[in-house]
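Subject: Structure handover

Hello,

Here is the structure for your files. My notes follow below it.

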Amino acid sequence: MDITMQIKQELLDILESLNINNDVNFIVEIPKDTSNGDYATNIALQLTKILKRNPKDIATLIVSNFNKEKCHIKKIEIAGPGFINFFVSLDSFAPLIKHIIDQDEKFGQSDYGKGKSYDVEFVSANPTGDLHLGHAWQAALGDSICNLLECVGYKVTREYYVNDAGVQILNLSKSIYARYQQALGINVTFPSDGYHGQDIIDFANYLKNEYGDSLISKPLTYFREIGIKHELDKIVTDLDYFRVHFDVFSHEIDLYERGLVDKIIPTLEQKGYIYYKDNATWFKTTLFGDDKDRVVKKSDGTYTYFLPDIAYHQDKLSRGYDYLVNILGADHHGYIHRMEAAICALGYQKEQIQIIIHQMVRLIKDGEELKLSKRTGKAYTLKDLCDEIGVNAARYQFASKNPGSHMEIDIDLAIKQSNENPVYYIQYAHARCCSVIENFKTLNISDDYNGDLLTNQKEINLLKHLGEFEHVILDAALNKAPYKLTNYLYNLAMLFHTFYNECKIIDQENSKLTAQRVVLVKITRITIRNGLKLIGVEALNKM
RNA sequence: GCCCCUAUAGCUCAGUUGGAUAGAGCACCAAUCUCCUAAAUUGGUUUUGCGCAGGUUCAAGUCCUGUUAGGGGCGCCA
């Protein structure tokens, strides 16, 4: 059904029939310059090493064996150092058109993953304040990656890890208790490492209004519990607004309560990966590629944070997932080898965990950088960003960037340019499609799926690009790179706008052509809609 | 001192995993609605643009070595 794949398969068949080792890495691509064909392959160049022959001779041999009719190819040329260029015949797009119409909402999906399972952990912000822009990036990136993985046939669990056993939560509890006392008019000094945000004060006032002074003798653990719930509820609300939803919330405290944390050291010791030095307990992570061994139990008898993290990952793997993905900020990159070592030490494969690191977000407002401190209570939050530029633009912004690159957001520019944001460009293409389809309905012409009248170069360019959608989805999913999809969608929108301006789609004088062009609009609409859904952006019918 | 990431046009970024003359958008200048949505399109300029120096090969922005600059990380903190 897909021309690229058909050509590739035909080439592989030829290699087999010629008894040539088919373990060769070649590509079939759409050349930038259409004079180099609709499709092209470098197979002859790649074979020069294996066959030790002139690439042009190899190309000639392959072309003479190529079944043109089978692949809807009109003409084949050998060009440059040995590229083989294919020119398609006019009927070649009929199978693609039919395929997209039939698949409709399922267009883009595949069973590549064969039901293997992923657990993707992301955001996992401590419940001690609002989500900042780093979390926004993780949320948009993580959710889009999950959508993509599901789309190509994996089972995906979206997981949020709540660090609710550490010092920071203790500080939160103390802060709430102190604010509560202050709200009741009791003069207490605020803890020096407490959280100063207005939100805590508001929450304390709420407690006063709701419960009076009846909570004053409650233990600190009570304030911890209600504090976590309060903070987590806010985070969930913000994420909901951002269209990100989690299947599982795992609590660090649960790991302790289930005894999983205490089991780790004995388990590792049994395998011989533990030693004692300077009154502390060490884990030999260097055996698995880490640059130094790590302490898991401090000389004062308490655990380091690393230990519950090991327990957490073991718990995830024991739930039966084939692969784990963690999405973390660049300040956690030192964590990668450590965690891989832990996974290996527990008997799992290194390949089963992938840690995706995204770089820092620099926020510019009024010409100067805003620091992302949660403690000051003045940080720019995910919610602030959504309020200013909208959820669609925000989701697109984060999904469209390569996580390996640093991101700079100039808020003033983002607001000012919001009308020129790429996301509107894509949404506008979709809205135009809808509008044309609505107008077409009044004409009483039936659809024509043959596509043989779509001979304008703009139409062919659009069709070729539509044929790439499934590859792009798979590529984006396997590379965990949603930005590849946003780039594709942007190009798709551009090809559509160009086509729209050049070709009069609804032409009462020519109903045959109209019937085919409207189908082209329909399959474009399906593709944009399906693509935007994967990155959590609305496809609007009207703008 | 060691480790990770980044470096492509004035700015923001692509570059199909080593392929043909390295591309978009923004910005600047002009043109296009009595016609399906002008949040669009078509030209033009910025244009001696792959940080620098070597190497690998038919072919390097892409791979290797060295080097420079920016960001991040190197605790018995989380």
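Start with a strand pair: Glu29 has Ala40 in S2 as its bridge partner. Strands here are DSSP E runs of at least two residues, and helices are H or I runs of at least four, numbered from the N terminus. S1 and strand S2 (residues 39-41) run antiparallel, joined by 2 bridges. Pairing requires at least two DSSP bridges between two strands.

The open sheet has 4 strands, ordered S1-S2-S4-S3, with antiparallel pairing. Strand S1 (28-29) and strand S3 (73-79) are its edges. Helix H1 (residues 3-17) packs on this sheet and touches S1, S2 and S4. Contact means C-beta atoms, placed from the backbone, within 7 Å. The direction of H1 makes about 35 degrees with that of S2. Angles run from 0 to 180 degrees between N-to-C directions, and axes are lines fitted to C-alpha atoms, for helices over the stretch in contact.

A reminder on provenance: this is a predicted model; local features need pLDDT of at least 70, side-chain atom pairs count only at pLDDT 80 or more, and totals for chains, interfaces and linings use all residues. Residues are numbered from 1 along each chain as its sequence is written, while chains are lettered from A and ligands numbered from 1 in the order written.

Now the RNA. There are 64 residues around RNA strand B; Ala40, Gly166, Asp278, Asn402 and Ala431 come nearest. Near means a backbone-placed C-beta atom within 6 Å.

Last, a helix pair. The axes of helix H17 (residues 457-466) and helix H20 (residues 511-534) come within 11 Å and cross at roughly 35 degrees.

Best wishes

Note on methods
Two residues are in contact if their C-beta atoms, placed from the backbone, lie within 7 Å.
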